[in-house]
Every structure is written in structure tokens, then in C-alpha cells.
Amino acid sequence: MTDERTHAGTGTAFTVALEQIDVTVGAVDDNRRTALTRSRAALVAGADLVVLPELAISGYVVDGGLAHRVAESLDGPTAAAFTGLAREFDALVGYGFCERTGTDLFNTVVVVDGSGPVLHYRKLHLFDLEKAVYTPGDLGLPVADTRVGRLGVCICYDLRFVEVLRALSLRGAEVVLAPAAWVGGFDRTVPDTGGTRHVDSVLAQANLDQVAVVAVSQVAGADRGGPSTLGGSVACDAYGELLAGPLSRTAADSATVEMDLTAIRAARVRGERIRPREDRRTDVYALTYGGDVW
């Protein structure tokens with residue numbers, strides 16, 4: 001581990017860095033350089049986990065020809081760079097990129113530690129123009145035990161399907177990372193400042209599912225080659241209380257938050273007779289995932 005790092009986390013506490021970056025569609029080298037520079041600064045400052053946006057490396061590319069040109073494999077140069085960075089600091093980094101496997105493209109998020117990927121997720125719910133470029137995700141909703149607890153991952157539009165966070169929480173996820181490139185189009189209106197309805201969804205579901213959520217969006221104007229992405233990244237605890245954000249709606253921004261696994265786990269019990277997971281009426285309804293039924 002580098003001796004530059006100042007680490008404040010103890011016991012079950014850990015530090016998460018939200019790195020909301022301004023990316024340019026197709027400018028892979030520049031975007032990667034920005035992501036690595038920002039991640040390194042966060043790790044030097046003591047972060048245990050850095051979270052970057054959806055398609056942070058490629059930009060929010062929805063042109064098929066360009067997507068094929070900028071796509072890379074899971075073990076490509078971006079993975080090598082971030083794995084090396086994570087190894088140097090004994091930390092975790094989650095980032096989004098355009099993944100190629102055979103002739104298929106996926107909107108992918110990977111979480112790496114110093115040994116390589118610990119979570120590999122392909123976006124299940126493709127939004128709008130993504131449907132003409134990407135193949136729907138085929139890896140389900142993975143979770144993994146890490147040095148900062150049991151992590152789950154989803155991407156942007158996935159948050160609009162309540163089964164996603166519910167399934168992740170019932171599978172034991174304590175912290176869900178939700179890289180995003182938030183845009184308009186789902187809600188009737190989008191406020192010019194402050195939190196968007198995306199944030200409303202994050203906070204409500206975190207509380208109802210008793211998971212902490214870190215949702216980090218791109219922020220980029222239409223002059224960056226894609227749609228205007230909305231920024232406004234947030235992190236919240238397992239009660240749906242804001243820990244950071246909403247970050248800037250118009251510019252690159254960052255924040256760090258302290259989380260504690262003991263507090264996250266304790267949120268599953270709200271009182272002597274208020275235990276949301278035990279109170280579910282599984283005799284009336286159920287959620288099924290991969291053959292498991294809750």
C-alpha cells in the first residue's frame with residue numbers, strides 16, 4: 001500500500017468517494033485519464049471504495065458504430081489500469097464502460113480490487129436509444145463479499161424497477177452501487193437545480209429495502225457528443241437519509257462519505273415489533289430470483 005494514503009476508517013466503518021465526472025463521448029483515453037486521476041486523489045485522501053459513473057470510460061455512447069470502436073473486453077486496458085490502482089491502495093473501484101464480447105456490446109459496470117474484478121454486472125434494463133446498441137444484461141444481479149461489506153450493483157434505469165433493489169437486498173447486499181448517466185425522459189418534468197426524481201427513487205427504495213445506496217451520475221452537456229446528463233449524484237444510508245449530495249447538476253463534482261456496516265445492518269430492525277424483512281407476507285406474495293424464493 002502506498003504511504004501517501006491517510007486512512008480514517010476503523011472497525012466496520014469505511015469511506016466511499018463519489019466521483020461525478022464530465023465525460024466526452026468516444027474520448028476513451030481522455031475519459032480514462034480523468035477517471036484514474038480523480039480516483040487516485042480520492043484514494044490518497046483515504047477512500048476505501050471509489051464509485052464512478054455509468055459508461056465513464058466511453059461516454060454515454062448510443063451510436064452503434066462508435067460504440068463498437070470504443071468498446072473493450074473485460075480484461076482490457078481499463079481493467080488493467082484500475083486493478084493496478086486498486087492494488088496500490090488496497091482498495092476497490094467501480095466504473096462503467098462499454099464492454100465487447102464477441103459481436104455483442106454491453107453497458108457494463110465492474111468493481112475491481114487489486115486482484116481484478118470482484119463484481120461484473122451488465123445492465124438489465126436498457127433505456128431508450130440504448131436498446132439499439134447494447135445487448136440486455138445476461139449476468140443477473142450479482143452480489144459479492146468485499147472488505148467494505150456485501151456489495152450489489154445496478155445501473156441507472158435499473159433503479160426504476162423496484163424488484164432490482166429488493167432482490168439485491170434480499171440476497172444480502174448491504175451497499176448497492178448504482179452508476180448512472182441520468183437524463184430526462186422518464187419523469188414528466190426535471191427540475192433545473194437540486195435533486196431529480198431519480199434521487200427520490202433512490203432514497204425511498206433504500207429506506208424500504210434497508211440498504212445503503214451510492215448513485216453516481218455523469219454530468220455532461222450536449223456538446224460532449226451525447227445527451228445532456230444531469231449529475232446530481234447522491235449517497236444515502238439504509239434509512240434513505242442523504243449522506244452526500246445531490247452533487248452539482250452542471251459540473252464535475254465529488255464527495256466522500258463515511259458508512260458503517262453495523263449501522264446498515266441495524267437498519268433492518270426498526271423497533272421491537274417493526275422488522276420489515278420478517279414482516280413480509282410471503283404466504284401472500286413472493287419474489288423469485290434464480291430459483292430462490294423470498
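Me: Which helix is the place of Ala266?
Reply: Ground rules: this is a predicted model, where local features need pLDDT of at least 70, side-chain atom pairs count only at pLDDT 80 or more, and totals for chains, interfaces and linings use all residues. Residues are numbered from 1 along each chain as its sequence is written, and side-chain values use heavy atoms, with hydrogens and water left out. Helices are DSSP runs of H or I with at least four residues, strands are E runs of at least two, and both are numbered from the N terminus. Ala266 sits in the run 261–266, which is α6.

Me: What does Ala266 count as, at 45% relative accessibility?
Reply: With a 1.4 Å probe and protein chains only, buried means under 20% relative accessible area, exposed means over 50%, and partly exposed is in between. Ala266 has 45%, so it counts as partly exposed.

Me: How far apart are the C-alpha atoms of Ala266 and Ala238?
Reply: Along the chain these two are 28 residues apart.

Me: What is the strand order in the open sheet of six strands?
Reply: Two strands pair if DSSP finds at least two bridges between them. The pairing here is mixed, and the order is β5-β4-β3-β2-β1-β14.

Me: Which strands are at the edges of that sheet?
Reply: An edge strand here pairs on one side only. That holds for residues 116–122 and 253–260, in other words β5 and β14.

Me: At what angle does α3 run to β4?
Reply: Axes are lines fitted to C-alpha atoms, for helices over the stretch in contact, and angles run from 0 to 180 degrees between N-to-C directions. α3 (residues 77–89) lies across β3, β4 and β5. Its angle to β4 is about 15°.

Me: And what angle does α1 make with β1?
Reply: α1 (residues 28–44) lies across β1, β2, β3 and β14. Relative to β1, α1 runs at about 155°.

Me: Within what arc do the buried residues of α1 fall?
Reply: The buried ones are Val28, Asn31, Arg32, Ala35, Ser39, Ala42 and Leu43. The arc is that of the directions from the helix axis to the C-beta atoms. Seen down the axis of α1, these residues line one face of the helix because they fall within an arc of 95°.

Me: Which elements are included in what covers those buried residues of α1?
Reply: Contact means heavy atoms within 4.5 Å. The cover includes β1, β2, α2 (64–70), α3 and β3.

Me: What span does α5 reach from its first C-alpha to its last?
Reply: The expected span is 1.5 Å times one less than the number of residues. α5 (residues 197–209) has 13 residues, and 18 Å is expected. The model comes out close to that, reaching 18 Å.

Me: Which residue follows α5, and what is its phi near?
Reply: Among the buried residues of α5 is Asp209. The helix is then followed by Gln210, whose phi is positive, near 55°.

Me: How many residues does the hairpin from β6 to β7 pass through?
Reply: β6 (residues 143–146) and β7 (residues 149–153) pair in the antiparallel sense over four bridges, and Thr146 stands opposite Gly149. The hairpin joins them through two residues.
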